[in-house]
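Open the model in your viewer and keep the selection tool at hand. The stops below go from the whole chain to single side chains.

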Amino acid sequence: MTRRAPPALTDEKAPLARLLLVGDDPALLERLRAELAASGYELDRADSGERAVAAALASPHALILLDLGLASRSGFGLLRGLRRRGIATPIVILTARDAPDDGMKGLDLGADDYLPKPFETRELQARIRALLRRSQGAFGPVIRIGSLVIDRSRAIASINGRRLELRRREWSLLERLAAKAGSIVSKEMLAREIFGSDDAVAPNAVELYVGRLRKKLGAGGPVIRTVRRLGYVLDSG
């Protein structure tokens with residue numbers, strides 16, 4: 001009898017993608033958080049323009065969902081500021097139903113799509129999936145670093161054909177390091193990527209997961225180098 005290969009993620013499913021929700025309407029943010037989290041997305045939230053910029057610069061997101069009705073800062077100004085800072089993350093803006101020109105203006109300022117409020121969650125998620133497919137096509141769902149192959153579309157990593165058994169946080173750590181292979185990734189950024197903005201993180205938590213991941217990569221895989229006081233680098237080995 002042929003035995004099936006064990007799943008790549010042993011105790012938790014990998015998130016579909018990490019999204020940043022930006023808005024200052026608590027009811028709307030909570031609704032989006034609950035519905036998107038139930039569908040398998042990992043979510044960060046920002047309730048002001050300043051926090052949104054900080055979150056977008058500090059941690060990578062697959063997509064930003066921006067409610068233009070921000071009270072603390074013009075949603076258009078925030079959109080313009082994100083693009084001027086070189087943040088190329090796909091952005092879906094939420095517009096008021098009675099302001100049909102806002103969507104066109106948002107697209108002109110760099111948004112990738114817009115959706116008038118109120119909207120059906122199914123329509124929003126369909127637009128999110130379409131943008132994620134488009135962005136993955138641009139950057140490629142497969143990352144190759146020496147003997148390591150990472151298939152982000154299936155959440156599978158292998159070395160010389162040997163499939164790695166990774167828990168969800170180990171997968172997040174490997175994917176982030178691989179996406180910036182050869183460059184230093186700060187411990188702070190890794191902590192946000194692994195644990196999310198709302199989790200309490202022990203001082204040595206990142207080191208713990210880096211140590212676990214090093215063991216799983218083994219002698220035949222890439223090397224995770226520690227750069228003192230700066231962070232970590234994934235090299236091909």
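Start with everything selected: of the 237 residues in the protein, 45% are buried (under 20% relative accessible area with a 1.4 Å probe, protein chains only; over 50% is exposed, in between partly exposed). This is a predicted model, in which local features need pLDDT of at least 70 and side-chain atom pairs pLDDT 80 or more, while totals for chains, interfaces and linings use all residues. Numbering runs from 1 along each chain as its sequence is written, and side-chain values use heavy atoms, without hydrogens and water.

Colour by secondary structure next: the protein has 8 helices and 12 strands (DSSP runs numbered from the N terminus, helices being H or I of at least four residues and strands E of at least two). Of the contacts (heavy atoms within 4.5 Å) between residues at least 6 apart in sequence, 60% link residues at least 24 apart.

Now select helix H7, residues 187-195, and helix H8, residues 205-217; their axes come within 10 Å and cross at roughly 80°. Axes here are lines fitted to C-alpha atoms over the stretch in contact, with angles from 0 to 180 degrees between N-to-C directions. H7 and H8 are therefore roughly perpendicular (65 to 115 degrees). Show side chains: Lys187, Leu190, Ala191 and Phe195 of H7 meet Ala205, Val206, Glu207 and Tyr209 of H8.

Two charged ends remain. Select Arg31 and Phe119: the charged end of Arg31 sits over the ring, 4.9 Å from its centre (CZ of Arg or NZ of Lys within 6 Å of the ring centre and within 35 degrees of the ring normal). Finally, select Lys105, which lies over the face of Phe76 at 4.3 Å from the ring centre.

How values were computed
Angles under 35 degrees count as roughly parallel, over 145 as roughly antiparallel, 65 to 115 as roughly perpendicular and the rest as oblique.
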